[in-house]
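Here are a few friendly notes to read beside the model.

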Amino acid sequence: MALRKRINPRSILNPDTGFGSNPSSYGGRFLNKDGSYNLIKRGIPFFTRISVFQSLIAMPLWAFIGIIMLFFITINLLFALLYMALGTQHLNGMVSRDFAGRFSETFFFSAQTLTTVGYGHVSPLGFWTSLTASFEALCGLMTFAIVTGLVYGRFARPRAYLRFSKQALIAPYQDGVGLMFRMVCYKDQHNLIDASVRVNLGFNVEEHGKQVYKFYALNLERYRIDTLNMNWTVVHPIDENSPLRGFTAEDLAHAEAELYVQVSGFDEVFSTTVVQKTSYTFDEIIFGARFVPMYHESPAQSTTILDVDKLDVYEKVQLPQPLA
């Protein structure tokens, strides 16, 4: 549904977000909570579209480990079947007599050859079996070189270890109200230097009889900080220049509003700039609430304690004035 309320004409329109303007062509939110784009690409072959390296670097750790284990088991099964087809009489040291036992020994011989462990219990005899074992050893060397690079790439991949609050709040701010959310660097010994944030708000509006998406750059209380070592509450004052002036929760829902957030900063460990994104849809914006403090003084009054588990904790409050 398009927004029927008139947007503040003093608001700053931003046509450069990279998102389209036709709401009928979009499904769901523009940006997922983890910062990934809510987008599926089609129209070209799968292996042309996918980047194997990028996928293996970016996927969750459990999926990466699962793929490595599946590949290891599969390639050893294939070589075990190949050795069985060549004949187990060409494998010296086989002790089993039944098929299951011989296949098991062949599988583990393949695993020892692939990893170049070579315990010596079973060894190849004959030209073709020895050639197959040599080729498998070569495959093992190449495979583990690639896997080592992937493991290092995942371990050393620059990233912003940021967590964002699950909700954005409409809360009291100075003499009025403001839209706010907060973030925190959750890793020990990790902070961002010269951190900056950009926030845009998207609306489904009606223009010339058609529904279009329009994005507005939000003025912020503070666009950057020297060091993001604690939590940062980003505030957009809802003043005379705000596109949210006069809006209610029902107005945001009717306009299918979405808040698009992008944070960047310099990481001293990786010595590079890192970026993280997230978004808040209209149902993730809470009216009449404020965040509770996240940090306090230690009992010995010698250091500051930052309670990361309080990132999402807020309390309900009465707004000082209507958004009008």
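A pocket here is an open set of grid points with protein on both sides within 12 Å along at least five of seven lines, and its lining residues have an atom within 4 Å of a point. Please keep in mind that this is a predicted model.

1. Let us begin with the largest pocket. It holds about 1400 Å³ of space and has a lining of 37 residues. Nearest the centre of the pocket you will find Asp-34, Gly-35, Ser-36, Ala-58 and Arg-157.

2. Which elements give two or more residues to the lining of the largest pocket? They are helix 1 (46-49), helix 2 (52-58), strand 4 (162-164) and strand 12 (272-281). Strand 12 contributes the most, with 5 residues. By class, the lining of this pocket comprises 17 nonpolar, 9 polar and 11 charged residues.

3. How many cavities of 30 Å³ or more does a search of the whole structure find? The search returns 1, and the volume of the largest cavity is about 30 Å³. Its lining consists of Leu-179, Phe-181, Val-199, Leu-218, Leu-220, Val-234, Val-235, His-236 and Leu-259.

4. Two strands each give two or more residues to the lining of the largest cavity: strand 6 (176-185) and strand 10 (231-237). Strand 10 gives the most, with 3 residues. The lining of this cavity has 8 nonpolar residues and 1 polar residue, with no charged residues.

5. On to the annotations. An unreviewed UniProt entry assigns "transmembrane region" to residues 61-86 and 133-153. In the model, residues 61-86 are 100% helix and 0% strand, and their end C-alpha atoms are 38 Å apart. Residues 133-153 are likewise 100% helix and 0% strand, with 30 Å between the end C-alpha atoms of that span.

6. The unreviewed UniProt entry also places "domain: Potassium channel" at residues 86-150. That span is 63% helix and 6% strand in the model, and its end C-alpha atoms lie 34 Å apart.

7. How does helix 3 pack against helix 4? Helix 3 (residues 61-86) meets helix 4 (residues 99-114) at an angle of about 120°, and their axes are 8 Å apart. Helix 3 is therefore oblique to helix 4. The crossing of helix 3 past helix 4 is right-handed.

8. Helix 3 also packs against helix 5 (residues 127-155), where the axes come within 11 Å and cross at roughly 175°. This angle is why helix 3 counts as roughly antiparallel to helix 5, since the cut-off for that class is over 145 degrees. The residues of the contact between helix 3 and helix 5 divide into 17 nonpolar, 4 polar and 2 charged.

Notes. Residues numbered from 1 in each chain as written. Predicted model: local features only at pLDDT ≥ 70, side-chain atom pairs only at ≥ 80, totals over all residues. Heavy atoms only, no water. UniProt positions renumbered as here; feature names shortened; annotations may be inferred. Helix = DSSP H or I, 4+ residues; strand = E, 2+ residues; numbered from the N terminus. 1 Å grid on protein atoms, 1.4 Å probe; cavity = no way out; pocket = protein on both sides within 12 Å on 5 of 7 lines; lining within 4 Å. Points joined across faces, edges and corners; volume = space filled by probe spheres on them. Nonpolar A, V, L, I, M, F, W, Y, C, P; charged D, E, K, R; others polar. Axes fitted to C-alpha atoms, helices over the stretch in contact; angles between N-to-C directions. Parallel < 35°, antiparallel > 145°, perpendicular 65-115°, else oblique. Left-handed = near helix turned anticlockwise from the far one by under 90°.
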